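Biologist: Hi! I'm new to this one, could you walk me through it?
Modeller: Happy to, let's look at it together.

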Amino acid sequence: MYDLCIIGGGMAALSCAVTAARRGLKVIILEKNDKLGKKIYASGNGRCNITNHDFSYNYTRYYNSSSENYEEFLKTLFKSSYPDKEVIEFLNSIGIITYDIDSYVYPKSLQASSLMWALNDELINLKVEILFKSEIHKIDINDETYEINVSNRRITASNIVLACGGASYKKLGGTLSGYELAKTLNIDCTDISPALCGLKTIEDVSAVSGVRVRAVARLYCDNLDNSTKDNVCAVEEGELQITDYGLSGIMIFNLSSKAGKILKSGERAFVKLDFAPDVEDKVIYDIFNNHSYRKDRALLNLLINDKLAEFVVRRQKKENISYDISDIIKLLHNFIFEIKGLTGFDNAQVTAGGINLEEINPEDMSIKKHPGMYVAGEMTDIDGICGGYNLTYAIITGKRVGESI
Ligand SMILES: Cc1cc2nc3c(=O)[nH]c(=O)nc-3n(C[C@H](O)[C@H](O)[C@H](O)COP(=O)(O)OP(=O)(O)OC[C@H]3O[C@@H](n4cnc5c(N)ncnc54)[C@H](O)[C@@H]3O)c2cc1C
């Protein structure tokens, strides 16, 4: 009989297992892959951006959810406005020291594999048992215990944790099976959609594929009945990457969760781009006026990539926008794309949606309707923006479970 059985072997499971086993609990991990933490190895382009010093008490800046009360949920879960400190303390406790690039935090080696090596050694040292190639589809609840049949064994545990992650990146373990398992236990899950992914535009942008430009992006939804209203849902600034299907780059990834929700609700989603956010209009007027002998595309190329300049000129003609400088400047600051969809789970770093927060006590991540059952990590209806916020959430939710059993 185990004190704790953890379904899944990602970051949430590992912080949970280490924390619980350090308290003397007998722990087993059941993982469907043939190794632990496949997503951790891939995170941060192999460097593992594990947390971020940019954390204020306004957690809605960093996380999304379909629950209205998720800010309160996160405040209770994190307990302080310094979740990054708690993550770094946990990392230090397994021997990992960290390295900051601006506010972004990485293992000092800049290798995700060093973190996994330390975690694997810690689990061995703490005698945590691990069964690989063990995908769980059914959990039996008998009196006060949980029972699972796997690999010709019957595992019995007094506590169980669902830490199956999300549906994104199938090749790294992404699967729907966690949500399906939760549903067999009568646990409500909200609709899921890809997040931290690119946005497909209705307009063909293949002519500007490969262009990178500094921009401010405003995501807004337009109720079809009220199409003149500018409903801004989120604003991001950074490097926009235009691809053959549409818009990409970290700034777009950070808008994708909200864009997915707008489209799911049946509304139209638009991204309005400012291609010259850091140049004063007066400066633009002056350079355009002083060089009015040059062609429109050449003038625009003083501010933006030449391919993009041509694209802007084409849009200007298509929409019969005048050659007046003020109109061109307006277009540069308000270049709108309608979004038709997201790039899909196989290219999404995380999954938005999941186990409904109403089902969970945020103090210890226990499932309200099943005493002794807990959930941790991406499986829940919380997703973070880029920058280490998802691994932070996985570590802290796992830790809360390990601390409270
Ligand atoms: C390419 C990529 C890069 C990323 N980069 C970053 C980054 O730099 N910083 C950051 O904060 N976040 C990053 N993320 C997101 C982050 O990796 C995840 O949010 C985090 O790893 C989620 O941890 P988890 O433990 O909840 O789930 P997972 O890591 O998905 O782990 C769940 C585990 O459960 C197993 N499993 C699922 N179902 C079952 C079942 N039924 N039975 C048994 N096992 C099961 C899976 O095989 C998997 O190993 C990235 C994600 C990807 C895909």
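Predicted model: local features only at pLDDT ≥ 70, side-chain atom pairs only at ≥ 80, totals over all residues.

Biologist: Great. Can we begin with α1: how many of its residues are buried?
Modeller: Of the 12 residues in α1, 11 are buried, so the helix is mostly covered. Among the buried ones are Met11, Leu14, Cys16, Val18 and Ala21.

Biologist: And what span should helix α1 have?
Modeller: Helix α1 covers residues 11-22, and at 1.5 Å a residue its 12 residues should span 16 Å. The C-alpha atoms at its ends are 17 Å apart, which agrees.

Biologist: What comes just after α1?
Modeller: Glycine 24 does, and it takes a positive phi of about 90°.

Biologist: Let's jump to leucine 115. Where does leucine 115 lie?
Modeller: You'll find leucine 115 in helix α5, which runs over residues 112-125.

Biologist: Why does leucine 115 count as buried?
Modeller: Because its relative accessible area is 1%, and buried means under 20%.

Biologist: Which residues is leucine 115 in contact with?
Modeller: Leaving aside neighbours within four places in sequence, leucine 115 is in contact with Ile40, Cys48, Ile50, Leu91, Ile94 and Ile96. Arginine 47 is 68 residues away from leucine 115 in sequence, yet their C-alpha atoms are 9.7 Å apart in space.

Biologist: Which ring does arginine 47 lie over?
Modeller: Arginine 47 lies over the face of tyrosine 106, at 4.9 Å from the ring centre. There is another case: the charged end of arginine 315 sits over the ring of phenylalanine 335, 4.0 Å from its centre.

Biologist: Since we're on rings, how many aromatic pairs are there?
Modeller: The count comes to 16 aromatic pairs. Phenylalanine 55 and tyrosine 62 form one that is tilted, with 5.1 Å centre to centre and 55° between the planes.

Biologist: Are phenylalanine 55 and tyrosine 62 buried or exposed?
Modeller: Both phenylalanine 55 and tyrosine 62 are buried. They also belong to an aromatic cluster, along with Tyr57, Tyr59, Tyr63, Phe78, Tyr389 and Tyr393.

Biologist: Time for some strands. What order does the open sheet of 3 strands have?
Modeller: Its order is β3-β6-β5, with antiparallel pairing. The edge strands are β3 (51-52) and β5 (98-101), each pairing on one side only.

Biologist: How many bridges join β5 to β6?
Modeller: There are 4 bridges between β5 and β6, and β6 takes in residues 104-107. In one of the pairings, threonine 98 has proline 107 in β6 as its bridge partner.

Biologist: What about β13, how many of its residues are buried?
Modeller: In β13, 8 of its 11 residues are buried, so this strand is mostly covered too. β13 pairs with β14 in the antiparallel sense over 10 bridges, and leucine 219 has alanine 234 as its bridge partner in β14. Another 7 bridges join β13 to β16 (residues 268-274), again antiparallel. There, alanine 217 stands opposite leucine 273 in β16.

Biologist: Which elements cover the buried residues of α10?
Modeller: The cover includes β13, β14, α9, α11 and β17. The buried residues of α10 are Leu308, Ala309, Phe311, Val312, Val313, Arg315 and Gln316.

Biologist: What happens at the start of α10?
Modeller: A side-chain oxygen of asparagine 305 reaches to within 2.7 Å of the backbone nitrogen of lysine 307. Just after α10, asparagine 320 takes a positive phi of about 50°.

Biologist: And alanine 207, what does it touch?
Modeller: Not counting residues up to four places away in sequence, alanine 207 touches Lys307 and Arg314. Alanine 207 is in the loop between β12 and β13, and it counts as partly exposed at 40% relative accessibility.

Biologist: Last one, histidine 333. Where is histidine 333 found?
Modeller: Histidine 333 is in helix α11, residues 325-333. Its relative accessibility is 16%, so it counts as buried.

Biologist: Which side chain does histidine 333 make a polar contact with?
Modeller: That would be the side chain of aspartate 281, at 2.7 Å. Beyond residues up to four places away in sequence, histidine 333 touches Leu273, Asp274, Ala276, Val279 and Asp281.

Methods:
Residues numbered from 1 in each chain as written. Heavy atoms only, no water. Helix = DSSP H or I, 4+ residues; strand = E, 2+ residues; numbered from the N terminus. Buried < 20%, exposed > 50% of the residue type's maximum accessible area, 1.4 Å probe, protein only. Polar contact = N/O pair within 3.5 Å; in protein donor to acceptor, adjacent residues only side chain to side chain. Contact = heavy atoms within 4.5 Å. Expected span 1.5 Å × (residues − 1). Phe/Tyr/Trp six-rings, centres within 6.5 Å; stacked < 30°, edge-to-face > 60°. Lys NZ or Arg CZ within 6 Å of the ring centre and 35° of its normal. Pairing = 2+ DSSP bridges.
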